[in-house]
Amino acid sequence: MAKPRNVFVCQSCGNVQPKWTGRCEACLEWNTLQEEREAAEARPKGAASARGRAGLVLSGMKGTERMPPRLATGIEELDRALGGGIVKGSAMLLGGDPGIGKSTLTLQAAAALATAGRGVVYVTGEESAEQIRLRAQRLGLEDTPIGLGVATSVQDILATVDGPTAPDLLVIDSIQTMHVEGLEPAPGTVTQLRAASHDLIRFAKKRGTAVLLIGHVTKEGQIAGPRVLEHMVDTVLYFEGERGHQFRIIRAVKNRFGPANEIGVFEMREAGLHPVGNPSALFLADREEGIAGAAVFAGIEGTRPILVEVQALVAPSPLATPRRAVVGWDGNRLAMILAVLEARCGLVMSGRDVYLNVAGGLKVGEPGADLAVAAALVSSLADRPVPGQTVVFGEVGLAGEVRPVAQTDARLREAQKLGFKRAVVPRMAKPPKGGIALVETTRLADLVALIGPVRRGRRREEALDA
Ligand code: TYD
Ligand code: MG
């Protein structure tokens with residue numbers, strides 16, 4: 001057997017290199033390599049030989065399998081994000097910034113299942129039992145029959161839960177505090193993270209226990225050692241939004257048992273996370289009509305239509321390189337929209353600072369938001385509000401064309417439900433019948449014309465002076 005060598009493991013993506021470099025060769029992140037002892041490969045001689053083996057048993061695709069049963073937590077917004085509830089024997093990862101509400105939501109879900117008669121074990125390696133009990137008290141859940149344990153050794157945990165009756169749900173808060181005894185690298189390294197998750201997930205599959213791993217997210221927005229864990233688990237849920245916001249949005253970025261990108265919306269209250277059944281109404285609650293630089297986007301998150309306000313501020317910049325700040329949308333996409341407005345519609349965006357914000361803390365990923373973003377930008381630049389009671393959606397191409405998006409009907413229905421009278425949309429082959437008036441656009445210039453005159457190539461003050 002070869003002597004174990006020292007290798008360098010990227011703490012972000014798990015890549016293993018023989019030499020130290022300042023930057024990981026795989027994921028290109030800086031300063032993420034850490035020296036670890038390579039696990040000695042115990043591979044007995046002759047193991048690779050095929051002779052005398054039973055081999056692989058092949059079968060067809062047809063069988064009697066059904067979708068594994070789901071345990072609904074009864075917390076609707078969580079069940080929705082999960083695609084209907086927790087799947088028996090599945091492995092889930094719940095990620096988010098420290099303090100965003102991971103332990104709170106998990107405790108609420110655990111309590112709901114325990115109250116419904118399910119076996120639930122909550123293991124913390126991060127807080128003391130007293131701290132968890134205080135949280136339970138605050139949430140009014142101290143009487144629920146959850147098995148609470150404080151541990152950081154995976155062997156200890158499995159020795160307890162892998163007994164005659166395995167629990168229905170095992171919560172690990174957090175996976176970064178867990179370690180596998182006998183493995184050399186320190187707790188918190190990618191090797192430990194991977195080994196601990198592997199053992200817990202294998203237990204989940206063997207005993208049909210659903211395992212929920214809580215994971216911290218680093219500044220860059222990824223769970224430390226993220227890519228490693230994401231492909232090991234069945235479902236990845238992330239909290240998005242910031243701590244300052246009152247809303248907490250949980251998104252299924254991966255789900256082997258349901259639609260991906262489904263979101264659940266909560267409000268952080270005195271007594272825990274409170275599900276928000278009608279997020280559009282809430283996202284638009286503080287909105288004022290008739291303000292320049294705002295547009296309502298009729299979006300789709302997962303399978304659900306959501307209306308949200310996009311706000312823009314375009315202002316003359318004192319800086320040589322004007323500022324571009326984005327919250328809740330992709331900065332590169334914003335750069336593209338600005339370039340198209342400049343090149344195809346003749347609006348001068350250079351020399352101006354641009355701020356863009358999706359209200360409420362939602363992260364919009366759809367290109368269908370392009371037209372709403374453009375509307376907010378043009379409205380701010382022209383200092384004229386987008387026409388009232390109007391929603392906007394559509395994708396914008398590099399030639400300045402407006403492209404169709406999916407699920408038009410659902411978007412329009414939601415807009416109508418919330419009292420909107422008009423929708424600025426891409427050209428439609430079959431416009432749906434209904435009460436909402438459609439303003440079809442084929443080019444971005446149509447939108448600019450709709451919002452009003454922007455003096456071409458002039459700064460706003462000049463336009464006002466003229
Ligand atoms: P927590 O679940 O501990 O966050 P995480 O596990 O993601 O680090 O929640 C942290 C915040 O939530 C904390 O700042 C206090 C607040 N909070 C409430 O506002 N109401 C509550 O009922 C609870 C339990 C927490
Ligand atoms: Mg916590």
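How many Å separate an oxygen atom of ligand 1 from an N or O atom in the side chain of S103? The distance is 2.7 Å. This structure is a predicted model.

- The side chain of S103 supplies an N or O atom that lies 2.7 Å from an oxygen atom of ligand 1.
- K102 takes part through its backbone, where an N or O atom is 2.8 Å from an oxygen atom of the ligand.
- G272 also uses its backbone, with a polar atom 2.6 Å from an oxygen atom of ligand 1.
- Ligand 1 taken alone exposes 560 Å², and the protein buries 78% of that area.

**The shell around ligand 1**

- The ligand is surrounded by 16 residues.
- G99, K102, S103, T104 and G272 are the closest of these.
- At least two shell residues come from each of α2 (102–115), α3 (129–138) and β13 (263–269).
- Helix α2 gives the largest share of the shell, with three residues.
- Sorted by class, the shell holds six charged, five polar and five nonpolar residues.

**The largest cavity**

- The protein has three cavities of 30 Å³ or more.
- The largest cavity holds about 110 Å³ of space.
- Its lining is made of 16 residues, and R287, E289, A294, V386 and P387 are the closest to the centre of the cavity.
- Strand β15 (residues 294–301) provides the largest share of this lining, namely three residues.
- Eight residues of the lining are nonpolar, four are polar and four are charged.

**The second largest cavity**

- The space in the second largest cavity is about 90 Å³.
- Residues that line this cavity include L78, L82, I86, M92, L94, L105, T106 and A109.
- L169, L212, L237 and I250 are also among the residues that line the second largest cavity.
- Two or more lining residues come from each of α1 (76–82), β6 (91–96) and α2.
- The largest share of the lining, three residues, belongs to α2.
- By class, this lining has 11 nonpolar residues, one polar residue and no charged residue.

**Where the topics meet**

- Helix α2 gives three residues to the shell around ligand 1, and α2 also gives three residues to the lining of the second largest cavity.
- The shell around ligand 1 includes six charged residues, whereas the lining of the second largest cavity has none.

Definitions and conventions:
Residues are numbered from 1 along each chain as its sequence is written. Chains are lettered from A and ligands numbered from 1 in the order in which they are written. This is a predicted model: local features need pLDDT of at least 70, side-chain atom pairs count only at pLDDT 80 or more; totals for chains, interfaces and linings use all residues. Side-chain values use heavy atoms; hydrogens and water are left out. A residue is near a molecule or strand if one of its heavy atoms lies within 4 Å of it. A polar contact is a pair of N or O atoms within 3.5 Å; within protein, one must be able to donate a hydrogen and the other to accept it, and residues adjacent in sequence count only if both atoms are side-chain atoms. Accessible areas come from the Shrake-Rupley method with a 1.4 Å probe; for residues, only the protein chains shown count as cover. Helices (H or I, at least four residues) and strands (E, at least two) are DSSP runs, numbered from the N terminus. Ala, Val, Leu, Ile, Met, Phe, Trp, Tyr, Cys and Pro count as nonpolar, Asp, Glu, Lys and Arg as charged, and the others, Gly among them, as polar. On a 1 Å grid over the protein atoms alone, a cavity is a set of points where a 1.4 Å probe fits but cannot get out, and a pocket is an open set with protein on both sides within 12 Å along at least five of seven lines; lining residues have an atom within 4 Å of a point. Grid points are joined across faces, edges and corners, and a volume is the space filled by probe spheres set on the points.
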